[in-house]
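Please examine the sequence and the structure shown below. The paragraphs that follow lead through selected features.

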Amino acid sequence: LALPLIYAAKKYMMPFLVQKCVQYLEDILSADNVCSILEQSLLFDEDSLKQKCMRLIQTRTSHIVKSESFVRVTQETLETILSSASLSTSELEAFRATLRWAEYQCVERKLEPTSTNKRDVLGDAIYKVHIPAIPLKDFSNHVTPTGILSVEESFDIFQFLAADEENKPDEMKF
């Protein structure tokens, strides 16, 4: 009820009502609803609410990325979450959560959840996952077999993870 009310309050320029609605959302914020509230904070450009959501996501990342609400967020919200420099989970877990999101999105769009379709629905969000921070063994055993990365991207990451400093790739999108 608060979210449609924010929309109406903004439309009719009632900042006091917007503030009350935002305060209510901040008060009920939890690991179970943070993804949907973050999404609305982005939609309504409520920066303070966004910051509170991000702090909760950063402290409860493992729980939140396994939630059902995580896979339902928009690509913009996914990118916002993945862009955080301080998620409290491993990059491998963030990668797996991103794949879960992509699979859910494929099903919602009535696409077969192939690696190509998952990559298509991910778009540039894949570059927000800090894949080069995944240990080489985990990258080799868990990331490469998914087929999400192109051969060139996989090679660049292998080179980054395994090469001496002077032989690391100069630029990567990740």
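Leu5 is found in helix 1, which spans residues 2–11; helices here are DSSP runs of H or I with at least four residues, numbered from the N terminus. With a relative accessible area of 37%, Leu5 is partly exposed, where buried means under 20%, exposed over 50% and partly exposed in between, for a 1.4 Å probe and protein chains only. Leaving aside residues up to four places away in sequence, Leu5 touches Leu17 and Cys21, contact being heavy atoms within 4.5 Å. The C-alpha atoms of Leu5 and Cys21 are separated by 7.3 Å.

This is a predicted model, in which local features need pLDDT of at least 70 and side-chain atom pairs count only at pLDDT 80 or more, while totals for chains, interfaces and linings use all residues. Residues are numbered from 1 along each chain as its sequence is written, and side-chain values use heavy atoms, with hydrogens and water left out.

The structure holds 2 aromatic pairs; rings of Phe, Tyr and Trp (its six-membered ring) pair if their centres lie within 6.5 Å, and planes under 30 degrees apart count as stacked, over 60 as edge-to-face and the rest as tilted. The ring centres of Tyr127 and Phe174 are 5.1 Å apart and their planes stand at 65 degrees, so this pair is edge-to-face. Phe139 and Phe158 also form an edge-to-face pair, with 4.9 Å centre to centre and 80 degrees between the planes. Because Phe139 lies in helix 9 and Phe158 in helix 10, the pair ties together parts that are 19 residues apart in sequence. Phe139 is buried, at 0% relative accessible area, whereas Phe158 is partly exposed at 29%.

Notes: Helix = DSSP H or I, 4+ residues; strand = E, 2+ residues; numbered from the N terminus.
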